[in-house]
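Here is a short briefing on one protein chain. Look over the sequence and the 3D structure, then read the points below.

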Amino acid sequence: TPEELLQEAVQLRGQPVDLVEWRLDHLAPLARGAQPDAARIGPVLARLTDTLGDVPLLVTYRTVGQGGRGEARPEQYLALVGAVAGLPAVDLVDVEFDHPERDAALQALRSVGVPSLLSHHDWDGQPTAEGMAALVQRMQATGADAVKLATTPADAPTVSVAVPLMPALCARAAFRWRLIRRPSGQGRGGTFLPVAVEESSR
């Protein structure tokens, strides 16, 4: 609920958080694909940003296919991105790389000057270094401002395979991702992901 969401935001005050992710797919009725609009999201966003202060906000609607709760149809997903892009105080919006409305969503964000984070999640494992490098290049070729690649490594040696990819991930990104930590809180009202970021020179 919005109340639970704001309670979690209050808990972040005073913590060393550089960015907060608001997972819209954890909010009913948006998770069930209800038609989104500014009237639904705007009041909650205003209260959230007032609570967070100067902490930048990443807004995400994660679909079921990418590990989230969102069941919106493609046209509803695009409408949601458009609704979010038209609201003040949104610093970054997630767009799923494999979504059929990906290009239209990226264009909607560009048209209003809101940066995009293009994401892809592999819950079944981790591709080879070559496979990940090729995927990152394909993601960057869309013109997104930043890219996020999440994999499921089986062990520590598998994690090390991804380390050489970090310069490529950061080369054209709007942000350089230095550290990603576990979510500080997960509830029905939303999920916050504290991450450490620094702006890159482009």
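Glu96 counts as buried, at 3% relative accessibility; buried means under 20% relative accessible area, exposed over 50%, and partly exposed in between, with a 1.4 Å probe and protein chains only. The model is predicted, so local features need pLDDT of at least 70, side-chain atom pairs count only at pLDDT 80 or more, and totals for chains, interfaces and linings use all residues. Residues are numbered from 1 along each chain as its sequence is written, and side-chain values use heavy atoms, with hydrogens and water left out.

- Glu96 forms a salt bridge with Arg62, with the closest N and O atoms 3.3 Å apart. A salt bridge here is a side-chain nitrogen of Lys or Arg within 4 Å of a carboxyl oxygen of Asp or Glu.
- Glu96 lies in strand E3 and Arg62 in the loop between E2 and H3, so this pair ties together parts that are 34 residues apart in sequence. Helices (H or I, at least four residues) and strands (E, at least two) are DSSP runs, numbered from the N terminus.
- Arg62 also forms a salt bridge with Asp94, where the closest N and O atoms are 2.9 Å apart.
- That pair links distant parts of the chain, 32 residues apart: Arg62 sits in the loop between E2 and H3, and Asp94 in strand E3.
- Arg62 is buried, at a relative accessible area of 3%. Asp94 is buried too, at 2%.
- Together, Arg62, Asp94 and Glu96 are linked in a network of salt bridges.

**Salt bridges elsewhere**

- The count comes to five salt bridges.
- One of them joins the side chains of Glu75 and Arg73, at 2.8 Å from N to O.
- Glu75 is partly exposed, with a relative accessible area of 45%. Arg73 is also partly exposed, at 48%.

**The chain as a whole**

- The protein chain has seven helices and nine strands.
- Of its 202 residues, 48% are buried.
- Among contacts between residues at least 6 apart in sequence, 71% join residues at least 24 apart. Contact means heavy atoms within 4.5 Å.
- The accessible surface comes to about 10,000 Å², and 53% of it belongs to carbon and sulfur atoms. These areas come from the Shrake-Rupley method with a 1.4 Å probe; for residues, only the protein chains shown count as cover.

**Nonpolar cores**

- The largest nonpolar core has 38 residues. Such a core is a set of buried Ala, Val, Leu, Ile, Met, Phe, Trp, Tyr and Cys residues joined through side-chain atoms within 4.5 Å.
- Trp22, Leu24, Ile41, Leu48, Leu57 and Val84 touch the most other members of this core.
- Elements that give two or more residues to this core include helix H1 (2–11), strand E1 (20–23), helix H2 (38–52) and helix H3 (74–85).
- H3 gives the most to this core, with six residues.
- Leaving aside neighbours within four places in sequence, Val84 is in contact with Leu24, Ile41, Val59, Val90 and Val93.
- A second, separate core has five residues, among them Leu58, Leu92, Leu117 and Ala146.

**Helix H1**

- Ala9 is found in helix H1. Ala9 is buried, with a relative accessible area of 0%.
- Ala9 and Thr51 are 42 residues apart in sequence, but 6.5 Å apart in space, C-alpha to C-alpha.

**Helix H4**

- Arg102, Ala105, Leu106 and Leu109 are the buried residues of H4.
- Seen down the helix axis, they fall within an arc of 100 degrees, so they line one face of H4. The arc is that of the directions from the helix axis to the C-beta atoms.
- These buried residues pack against H3, E3 and strand E4 (116–121).
- Gly113 follows H4, and its phi is positive, near 75 degrees.

**Helix H5**

- H5 has 12 residues and reaches 16 Å from its first C-alpha to its last, close to the 16 Å expected at 1.5 Å a residue. The expected span is 1.5 Å times one less than the number of residues.
- Met132, Leu135, Val136, Met139 and Gln140 are buried in H5.
- Seen down the axis of H5, its buried residues fall within an arc of 135 degrees, so they line one face of the helix.
- On the other side of H5, Glu130, Gln137 and Arg138 are exposed.
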